Amino acid sequence: MSALKVAIAGLGTVGAGTLKILHENAAEIALRCGRNITVTAVASRDRKKDRGVPLDGVKWFEDANAMAAEADADVIVELIGGSEGIARKTVETAIANGRHVVTANKALLAHHGVALATAAEKAGLSLNFEAAVAGGIPIIKALREGLAANKIRRVTGILNGTCNYILTTMRASGRSFADVLKEAQDLGYAEADPSFDIDGTDAAHKLAILASVAFGTPVDIKAVHVEGIRNVSSLDLQYAEEFGYVIKLLGVAERLDQDGGMLTQSVYPCLITPDMPLANVEGVFNAVVAEGDFVGRSVYEGRGAGAGPTASAVVADLMDIATGRKVPTFGIPAASLKAIPNVPVAAHVGEYYVRLLVVDRPGVFADIAVAFRDEAVSMESVLQRGRNAANVNVVIITHKTQEAALLRALKRLQANAALVEPPHMMRIEK
Ligand code: NAP
Ligand code: HSE
């Protein structure tokens, strides 16, 4: 059988990693596919940069979009990034020119996934994106194929390697947020704009894609409630540990009513107990827990970012195309994806962690207690520590309460002159 011809746009962390696997494991890949996978063309900005792999005989394009139209290739692999501009154009051009697409670009799929899937399916082409969610974990394949017989009730995951690396390294070493973020960038984990990682945007992109595949609903990034880890301090990590929890940035998508159908999609830092499967997922590792009606709970873990794991997923997608394995982009035809009404996060009911930095003077604690009492928010545990300091932290774990009620209590406290900074609040997932 003739080789599958591939053109790669973007030769950064993931693009260079993809070239490396295709080069080093060419024999195993060919054996498993029954044919070779050959890179015929590449496009990147800097032609002089050493990519660590031979590119002899590979055609170089200055313009990725021109490559998508003109290259001698069956598949265009888009590894540039960004939801708009050249990445979007390259993918659209590839599909318009009858070429399959493989991409690791979650931002693009979160914003234009349905339109691109519709175009690809109309043209009888594959649009594969395993690398876009949870790096080296084959979670798209698991949901789209392995668990395809189930109604999925809930998908929960640690979906951003950079954030998990920052939270676990800060907790273990006490190092500063900025210092650990720089390290994650140097290791090739972070997005080109790292605010996408630390503000939760990247995890939200991934959650919206997962929700689409799990629940057969159009990707809807606007429906995802997003909070990042910018305000999670070493102090919060320590207090959480004292109360018997660890802090993780989680993505949670849950079908609340299988018959009527309501969906909640959120990304937020939260406290979880050490016995939960996600609690011991450390460093750059991601994990996803999927719960289906027949399979029950199914847990997946692996490296969530970096050249090797991400490129491994890109090449797996190429191998599916080489062998002719084809599934609709989001598991069902794009035209059959059905919108599900979303539940706002204020409707959330659960336990909460609250930290208040207050002036250490008589009566302040009574004010806090009154605000909580008036909104019927009950406290489970309270901790106040500090001597001879002007300000002290009051840390409260609540009993199960409505989020809207807690937010009202905290809003009242913000008007209190004793509060030194806005309250810190995190959900507790049990
Ligand atoms: P990166 O290291 O910043 O690489 C981006 C590449 O795109 C570079 O090679 C750059 O060229 C090239 N590029 C930028 N603008 C271009 C243009 N106008 N025309 C042609 N090439 C252009 O990014 P990355 O980390 O590999 O990420 C690539 C994609 O994979 C993104 O969508 C990202 O979200 C996704 N992803 C990344 C990871 C990860 O761990 N890094 C994991 C999963 C998914 P030069 O090298 O010539 O400057
Ligand atoms: N910046 C992303 C992360 C890359 O840290 O998870 C993997 O998608």
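Biologist: Is isoleucine 37 buried or exposed?
Modeller: This is a predicted model, and in it isoleucine 37 is buried, with a relative accessible area of 12%.

Biologist: Which strand does isoleucine 37 lie in?
Modeller: Isoleucine 37 lies in strand 2, which covers residues 37-43.

Biologist: And what does isoleucine 37 touch, not counting residues up to four places away in sequence?
Modeller: Isoleucine 37 touches Leu4, Val6, Leu22, Ile29, Leu318, Met319 and Ala322.

Biologist: Now threonine 401. Where is threonine 401 found?
Modeller: Threonine 401 is in strand 16, residues 401-402. Threonine 401 counts as buried because its relative accessibility is 6%.

Biologist: What is threonine 401 in contact with, leaving aside its neighbours within four places?
Modeller: The contacts of threonine 401 are His348, Val349, Gly350, Tyr352, Ala376, Val377 and Leu406.

Biologist: Switching to charges. How many salt bridges does the count come to?
Modeller: The count is 28 salt bridges.

Biologist: Take lysine 141. Which residue does lysine 141 form a salt bridge with?
Modeller: Lysine 141 pairs with glutamate 145, and the closest N and O atoms are 3.4 Å apart. Both residues lie in helix 6, residues 139-146, and they are four residues apart, about one turn of the helix.

Biologist: Why does that spacing matter for direction?
Modeller: An α-helix has 3.6 residues a turn, so residues three or four places apart point the same way.

Biologist: What does lysine 141 count as, at 28% relative accessibility?
Modeller: Lysine 141 counts as partly exposed. Glutamate 145 also counts as partly exposed, at 33% relative accessibility.

Biologist: Which residues of helix 6 are buried, then?
Modeller: Those are Ile139, Ile140, Ala142, Leu143 and Arg144. The buried residues of helix 6 pack against strand 6 (127-128), strand 7, helix 10, strand 11 (285-292) and strand 12 (296-303).

Biologist: What about glutamate 429 and arginine 154, where do their side chains meet?
Modeller: The side chains of glutamate 429 and arginine 154 meet in a salt bridge, 3.2 Å from N to O. This pair links distant parts of the chain, with glutamate 429 in strand 17 (residues 424-429) and arginine 154 in strand 7 (residues 152-158), 275 residues apart.

Biologist: Are glutamate 429 and arginine 154 buried or exposed?
Modeller: Both glutamate 429 and arginine 154 are buried.

Biologist: On to helix 10. What does lysine 206 form a salt bridge with?
Modeller: Lysine 206 bridges to aspartate 202, and their closest N and O atoms are 2.6 Å apart. The two residues sit four apart in helix 10 (residues 201-215), about one turn of the helix. Lysine 206 is buried, with a relative accessible area of 4%, and aspartate 202 is buried at 2%.

Biologist: Which residues are linked with them in a network?
Modeller: Lys106, Glu191, Asp202 and Lys206 are linked in a network of salt bridges.

Biologist: What angle do helix 5 and helix 10 pack at?
Modeller: Helix 5, residues 106-122, packs with helix 10 at about 50°, and the axes are 9 Å apart. That angle makes helix 5 oblique to helix 10. The crossing of helix 5 past helix 10 is left-handed.

Biologist: Which residues meet there?
Modeller: From helix 5, Lys106, Ala107, Leu109, Ala110 and His111 meet Asp202, His205, Lys206 and Ile209 of helix 10. By class, this contact of helix 5 with helix 10 has four nonpolar, two polar and three charged residues.

Biologist: Last pair. What is the angle between helix 7 and helix 8?
Modeller: Helix 7 (residues 161-173) and helix 8 (residues 177-186) pack at about 135°, with their axes 9 Å apart. Helix 7 is therefore oblique to helix 8, and their crossing is right-handed.

Biologist: Which residues make the contact?
Modeller: Helix 7 contributes Thr162, Tyr165, Ile166, Thr169 and Met170, and helix 8 contributes Phe177, Val180, Leu181, Glu183 and Ala184. The contact of helix 7 with helix 8 has seven nonpolar, two polar and one charged residues by class.

Technical notes
Residues numbered from 1 in each chain as written. Chains lettered and ligands numbered in written order. Predicted model: local features only at pLDDT ≥ 70, side-chain atom pairs only at ≥ 80, totals over all residues. Heavy atoms only, no water. Salt bridge = Lys/Arg side-chain N within 4 Å of Asp/Glu carboxyl O. Buried < 20%, exposed > 50% of the residue type's maximum accessible area, 1.4 Å probe, protein only. Axes fitted to C-alpha atoms, helices over the stretch in contact; angles between N-to-C directions. Parallel < 35°, antiparallel > 145°, perpendicular 65-115°, else oblique. Left-handed = near helix turned anticlockwise from the far one by under 90°. Contact = heavy atoms within 4.5 Å. Nonpolar A, V, L, I, M, F, W, Y, C, P; charged D, E, K, R; others polar.
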